[in-house]
Amino acid sequence: MTAWSKLLIATTRLIDLHDSAHEPGSPFVQVSQEQRRGLRDGYWLDLGCLLLDYLLDEDFATNSAFVSQSRCLNHLRESYPGLPHDDLSFVINLLSTPSEIHFRQPSPTTVDDATAEERSRRSTKRTALIEKQGQTGQVRLTPSGRQAVTLASQVEDLLYSEYDAAKVLAALARGDFARIPDITNQILLAIRALTQELRRVRENPTREGKLSALLDNERHYHNALTNIQQTLLDARAQLATPRLMERFEGWREAQSDDWDLRVLASAIGRVLTAIENLSRRLSELLADIAEGRIQAMGVIDFQDMARQLLEAPPAGALRDAVVARMMPLHVQATFPRLAPLVPLLESRRADVSPVALVFDEARDAAPEDPLLARFLEARGPALRQRIQRAPLSLPEALSEGWHRFEEGDCLAQLLNTFVDTELLAPGLTVGIDATPFELELDDGRRIEGAVTPSLGFFQAPAAAPHSLQAPEAAPHSLQAPAAAPDAISRIDQDEPV
């Protein structure tokens with residue numbers, strides 16, 4: 001596992017928290033696995049990490065000068081011989097494009113002459129790791145990128161913490177006493193990390209790789225612990241000298257906080273105690289390995305435990321205690337909210353219109369097509385009078401010119417009256433004649449139909465209402481006058497026929 005991998009392990013769940021759409025105050029606290037897209041092979045991440053490491057080396061060598069993409073490509077081809085330039089360009093464009101991060105920080109505000117601490121909302125877009133010139137395309141690290149590479153390289157390891165112990169002596173010599181607790185805490189973190197790793201190895205000896213690494217570095221660990229212990233003992237001895245105590249008193253008077261020399265001695269003492277515990281655990285582990293007494297202390301066969309519980313049920317008090325701890329706190333119906341589930345649904349809607357279509361003509365508002373509204377207002381009365389005299393078929397309506405309106409073409413609006421008969425008059429229905437028709441308009445358009453629709457006040461036949469009659473028979477209604485209006489479709493847009 002590389003330093004970059006450890007940095008990502010430490011920050012991935014924080015990014016998940018930043019991107020979470022969970023509603024504040026929601027009682028649904030269960031977390032599902034985040035759905036991450038991508039190739040899932042680490043290719044792009046490896047290219048980005050190699051590029052950032054190379055740019056940091058060039059940053060030191062050239063004093064933060066820009067580097068050409070050809071030099072970056074030559075360096076990356078040492079790891080990926082067939083790397084195309086397009087892949088490098090994609091990585092550079094992605095790392096040089098900023099992304100906004102939202103966070104909160106405390107900000108003092110004055111309310112009624114009293115200072116209160118509130119966490120105000122802030123955001124920043126200084127997240128680009130690479131800076132790219134617009135004309136030449138040369139690249140270099142941004143301050144954020146330099147900080148990211150530096151953080152990734154600072155992996156806590158006890159083998160190198162002896163140099164951190166020397167910083168305690170340097171801080172005492174310079175009189176920078178405030179830095180000593182931070183330095184000792186950094187050493188303490190490295191010691192505790194190795195202590196926990198030893199505990200995991202003892203509880204799970206199947207981790208043979210980690211066990212062999214500990215055995216190989218056992219001598220180096222002992223040397224590092226000895227050097228750290230000796231350095232910190234020297235530092236604690238200096239705290240008792242009159243000269244250093246006098247310097248500390250002068251430094252404390254200049255500080256706003258209340259400092260005590262015992263705070264520094266306590267910080268050093270915690271590290272010395274942790275070193276003793278770590279040395280004892282390391283010695284015990286080596287002794288167990290040598291004598292073959294290392295066991296899997298933490299491995300539990302839950303299937304075997306469940307089988308034993310079935311064969312011999314536990315005592316009533318133990319059973320009640322386990323059930324009380326494992327049962328839900330409140331027995332009630334829980335239904336998930338929609339917001340946390342939206343990223344999991346992957347619903348796709350048309351980009352042309354975000355409006356959902358609801359077919360409910362009982363509550364239809366005024367037509368949204370202004371041309372249709374004007375057409376019905378101007379030609380509607382005449383059309384109703386014409387249909388009252390005799391049914392009007394579509395070829396007759398076109399031949400009589402009912403589609404011409406305002407010196408334009410209203411063919412789509414005329415067809416709307418055949419589709420939605422309620423636009424003209426209630427009780428008006430459409431009858432279908434089995435005779436095909438073919439008509440050519442004045443502008444050259446041809447309209448053909450296998451049957452001939454007609455508008456009229458028809459009555460549904462008593463038997464077989466949907467059977468087609470002979471061509472010489474009168475057209476019959478496909479829709480009874482009392483049919484539900486919800487079954488009628490609408491055409492409200494001008495479309496070519």
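I started with helix 2 (residues 43–62) and helix 4 (residues 85–96), which pack at about 75° with their axes 10 Å apart. Axes here are lines fitted to C-alpha atoms over the stretch in contact, and angles run from 0 to 180 degrees between N-to-C directions. The angle makes helix 2 roughly perpendicular (65 to 115 degrees) to helix 4. Helices are DSSP runs (H or I, at least four residues) and strands likewise (E, at least two), numbered from the N terminus.

Next I looked up who touches whom, with contact meaning heavy atoms within 4.5 Å. From helix 2, Y43, W44, L47, G48, L51 and L52 meet D87, L88, F90, V91, I92 and L95 of helix 4. I sorted these residues into 10 nonpolar, one polar and one charged. Ala, Val, Leu, Ile, Met, Phe, Trp, Tyr, Cys and Pro count as nonpolar, Asp, Glu, Lys and Arg as charged, and the others, Gly among them, as polar.

A word on the source: this is a predicted model, with local features needing pLDDT of at least 70 and side-chain atom pairs 80 or more, while totals for chains, interfaces and linings use all residues. Residues are numbered from 1 along each chain as its sequence is written, and side-chain values use heavy atoms, without hydrogens and water.

I then checked pLDDT, the predictor's confidence in each residue from 0 to 100. The chain has a mean of 76, and 73% of its residues reach 70 or more.

Terms used. Angles under 35 degrees count as roughly parallel, over 145 as roughly antiparallel, 65 to 115 as roughly perpendicular and the rest as oblique.
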